[in-house]
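Please find below a note on the model under review. The points are numbered so that each may be checked against the coordinates.

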Amino acid sequence: MSESSTLHEEIKAILIDELMLDVEMDEIGDETPLMGPDSLGLDSVDALQLVVAIEKKFGFKISDPEAAKGILRCVKTIADAIRESKSA
Amino acid sequence: MSDHAILITGANGGIGNATARYFLEHDESCYVYLGIRSGTNEADALAAEFPGRCGILSLDVTKAGEWESSLEKVAGENRVITVLVNNAGHHDDHLMANMPMDSWTDVIESNLSSVFLGSQAVLRGMMGERFGRIINISSLSALLAPLGQTNYAAAKAGVVGMTGSLAKEVARMGITVNAICPGYIETSATGAGDPEETKARKKAVPMRRFGQPREVAAAVFFLASKDAAYITGATLKIDGGIL
């Protein structure tokens with residue numbers, strides 16, 4: 001398993017375990033929208049929980065609400081942002 | 001991993017001090033921070049009685065910066081606040097026709113804005129722990145709305161509203177938020193009044209007595225426990241049956 005897919009799996013695990021989403025890991029695509037139409041159906045409280053969980057697990061702080069909208073679009077955008085923060 | 005701790009604001013006063021004592025006496029493993037704005041006599045005495053289990057925080061609950069520095073101190077001691085008792089506050093009664101604007105502002109800030117600031121300050125830590133208990137000490141005045149207390153009744157009713165709304169926001173995160181509305185409680189404040197007035201007040205209580213601070217503390221202790229995990233957004237009145 002590549003480093004990239006491991007990170008994606010870890011983010012999906014957060015969605016399932018921390019946000020208690022009633023879905024299986026393989027039902028979450030890397031680019032499945034987290035919010036809005038045809039999405040996993042996260043609401044603003046889920047998004048806040050996700051931000052806290054990401055910060056705790058990866059030490060990556062999302063403090064700008066505007067940036068958060070882009071980062072929290074899907075699993076891939078979250079993973080990209082985490083990787084970018086680590087390489088910075 | 002940080003150790004869990006309790007923060008009680010207004011811990012020099014009757015209910016705050018009794019609540020701190022109740023936690024210390026009933027949970028040997030707990031660490032209690034006593035939030036004090038001024039004068040530390042009662043808090044110092046408690047800290048001396050329970051060495052190594054109490055910390056005193058100099059905290060004006062109406063100032064965001066003081067919440068921030070207090071929580072930095074707590075984090076520096078490798079602890080995280082997982083129980084917050086928003087108890088600090090005061091009243092300053094006037095008929096509205098004569099109420100100075102300062103009286104309105106001070107009472108709203110010390111009783112309502114303080115609960116917002118304190119709750120916001122501790123929420124992130126609680127979310128990270130996926131456990132938290134916020135217990136807001138409101139007042140029977142929130143429900144009774146006595147004359148002369150337009151400022152205090154509005155502030156305390158605001159606390160009840162905030163409690164319900166915040167409870168819904170954080171329910172999924174293992175955090176509960178509840179309010180307690182004490183009626184007449186035997187403290188230095190209630191004992192200092194006119195004896196005839198005190199007598200009349202006791203007569204208005206179906207139990208014919210004022211409550212003891214310890215009787216409020218016991219409810220706070222329960223709401224802070226793991227056993228109270230399914231109680232959130234509740235308003236518990238402790239008033240000897242007045243309402």
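1. Basis. This is a predicted model, in which local features need pLDDT of at least 70 and side-chain atom pairs count only at pLDDT 80 or more, while totals for chains, interfaces and linings use all residues. Residues are numbered from 1 along each chain as its sequence is written, and chains are lettered from A and ligands numbered from 1 in the order in which they are written.

2. Overall form of chain B. Chain B contains nine helices and seven strands (DSSP runs numbered from the N terminus: helices are H or I of at least four residues, strands E of at least two). Its radius of gyration is 17 Å, close to the 18 Å given by the globule rule for 243 residues, so chain B is as compact as a globular protein of that length (the radius is taken over C-alpha atoms, and the rule is 2.2 Å times the number of residues to the power 0.38). The C-alpha trace of chain B spans about 55 × 35 × 35 Å along its principal axes.

3. Burial in chain B. Of the 243 residues in chain B, 46% are buried (20 or more other C-beta atoms within 10 Å of the residue's own, with C-beta atoms placed from the backbone; 12 or fewer counts as exposed, and in between as partly exposed).

4. The sheet. Seven strands of chain B form an open sheet with parallel pairing, in the order E3-E2-E1-E4-E5-E6-E7 (two strands pair if DSSP finds at least two bridges between them). Strand E3 (54–58) and strand E7 (235–238) of chain B are the edge strands, each pairing on one side only. On average, neighbouring strands of this sheet are turned by 25° against each other, direction ignored. Helix H3 (residues 64–76) of chain B packs on the sheet and touches strand E1 (3–9), strand E2 (32–36), E3 and E4 of chain B. The direction of H3 makes about 140° with that of E4(B).

5. Strand pairs. E1(B) is joined to E2(B) by four bridges, the two running parallel, and B:Ile8 stands opposite B:Leu34 in E2(B). E1(B) also pairs with E4(B) in the parallel sense, over six bridges; here B:His4 has B:Val80 as its bridge partner. Four bridges link E4 (residues 79–86) and E5 (residues 132–137) of chain B in the parallel sense, with B:Val85 opposite B:Ile135 in E5(B).

6. Covered strands. Five of the five residues of E2(B) are buried, so this strand is largely enclosed by the rest of the structure. B:Val32, B:Leu34 and B:Ile36 lie on one side of E2(B), and B:Tyr33 and B:Gly35 on the other. E4(B) is mostly covered, with eight of its eight residues buried.

7. Contact between the chains. Six residues from chain B and four residues from chain A take part (a contact requires C-beta atoms, placed from the backbone, within 7 Å). Helix H4 (residues 101–129) of chain B gives the most to the chain B side, with three residues. That side divides into two nonpolar, one polar and three charged residues (Ala, Val, Leu, Ile, Met, Phe, Trp, Tyr, Cys and Pro count as nonpolar, Asp, Glu, Lys and Arg as charged, and the others, Gly among them, as polar).

8. Helix crossing. The axes of helix H2 (residues 44–58) of chain A and H4(B) come within 9 Å and cross at roughly 70° (axes are lines fitted to C-alpha atoms, for helices over the stretch in contact, and angles run from 0 to 180 degrees between N-to-C directions). H2(A) is therefore roughly perpendicular to H4(B) (65 to 115 degrees; under 35 is roughly parallel, over 145 roughly antiparallel, and the rest oblique). A:Gln49, A:Val52 and A:Lys56 of H2(A) make the contact with B:Arg124, B:Met127 and B:Gly128 of H4(B).

Definitions and conventions:
Contact = placed C-beta atoms within 7 Å.
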